[in-house]
Amino acid sequence: MKKLLVITLMVFGTVYGAFATGNNVTVIAEKRANHLTDQMIRELRLNNYQANKIREINLDVAAQITEIEQKHEGNEQLITEKCKAVLASRDLEFEDILSTVQYNDYFGDRKVYSKVDREFMASLNEEGSQNLATNEKATENSTASNVN
């Protein structure tokens, strides 16, 4: 009976793991965009219309950047080059939504927003590594207890 339960849990774990990695880019991009947008809402004092439009744009940009980073992992020069083009198009879209004062504030703080985004991604990666280690340890413990 224990073996059947363990096999069932392993099958569900495998299915869930495959499903989670397929949506990984989407989940990361959503977290990334929401974090950046929330910061921009506070600092630029966006109204509801602006906040919704900026969130949409940031979600699209975050998805593109996350995909670029995963696709070209290890090639920082190529990642930087491709991301610059995506960020330049975002700047043009922001210009149509933000007031002149807001856009000037945003444009002057682009490096700050990039730094905030990188730090957020680093914290996500660190958190993911810790969760992975915890899950592996739990799997080892459950396997050891099932053998006994």
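What you have here is a predicted model, in which local features need pLDDT of at least 70 and side-chain atom pairs count only at pLDDT 80 or more, while totals for chains, interfaces and linings use all residues. Residues are numbered from 1 along each chain as its sequence is written, and side-chain values use heavy atoms, with hydrogens and water left out.

Of its 148 residues, 26% count as buried; buried means under 20% relative accessible area, exposed means over 50%, and partly exposed lies in between, using a 1.4 Å probe and protein chains only. Take the contacts with a separation of 6 or more: 63% of them link residues 24 or more positions apart. Contact here means heavy atoms within 4.5 Å.

## α2 against α3

Start with helix α2 (residues 24-44), whose axis comes within 8 Å of the axis of α3 and crosses it at roughly 135 degrees. That makes α2 oblique to α3. For angles, under 35 degrees is roughly parallel, over 145 roughly antiparallel, 65 to 115 roughly perpendicular, and the rest oblique. The axes are lines fitted to C-alpha atoms, for helices over the stretch in contact, and the angles run from 0 to 180 degrees between N-to-C directions.

The crossing of α2 and α3 is right-handed; a crossing gets that label if the near helix is turned clockwise from the far one by less than a right angle, and left-handed if anticlockwise. By class, the contact of α2 with α3 has 13 nonpolar, six polar and six charged residues. Ala, Val, Leu, Ile, Met, Phe, Trp, Tyr, Cys and Pro count as nonpolar, Asp, Glu, Lys and Arg as charged, and the others, Gly among them, as polar.

Next along, the axes of α3 and α4 come within 10 Å and cross at roughly 170 degrees. These two helices are therefore roughly antiparallel to each other. Their contact divides into eleven nonpolar, three polar and five charged residues. On the α3 side the list includes Ile54, Ile57 and Val61, and on the α4 side Val86, Leu87 and Phe94 are among those taking part.

Helix α4 (residues 76-97) also pairs with helix α5 (residues 100-108): their axes come within 9 Å and cross at roughly 160 degrees. That makes α4 roughly antiparallel to α5. The crossing is right-handed. Arg90, Asp91, Phe94 and Glu95 in α4 meet Tyr103, Tyr106 and Phe107 in α5, a group with four nonpolar, no polar and three charged residues.

## The nonpolar core

The largest nonpolar core has 19 residues, and those with the most contacts inside it are Met40, Leu44, Ile54, Phe94, Leu98 and Tyr106. The elements giving two or more residues to this core are α2, α3, α4 and α5, and the largest share, six residues, comes from α3. A nonpolar core is a set of buried Ala, Val, Leu, Ile, Met, Phe, Trp, Tyr and Cys residues joined through side-chain atoms within 4.5 Å.

Ile54 is a handy one to click on: leaving aside neighbours within four places in sequence, it is in contact with Thr37, Met40, Leu46, Phe94, Ile97 and Leu98.

## Residues to look up

Threonine 66 sits in helix α3 (residues 48-71) and is buried, with a relative accessible area of 2%. Not counting residues up to four places away in sequence, Threonine 66 touches Val25, Ile28, Ala29 and Arg32. With the same exclusion, Valine 61 touches Val86, Leu87 and Arg90.

Over in α4 you'll find aspartate 91, which counts as buried at 8% relative accessibility. Beyond neighbours within four places in sequence, aspartate 91 is in contact with Tyr103, Tyr106, Phe107 and Arg110. For contrast, go to the loop between α2 and α3, where arginine 45 is found. Arginine 45 is exposed, with a relative accessible area of 72%, and its phi is near 55 degrees, a positive value in a residue other than glycine.

Methods: Helices (H or I, at least four residues) and strands (E, at least two) are DSSP runs, numbered from the N terminus.
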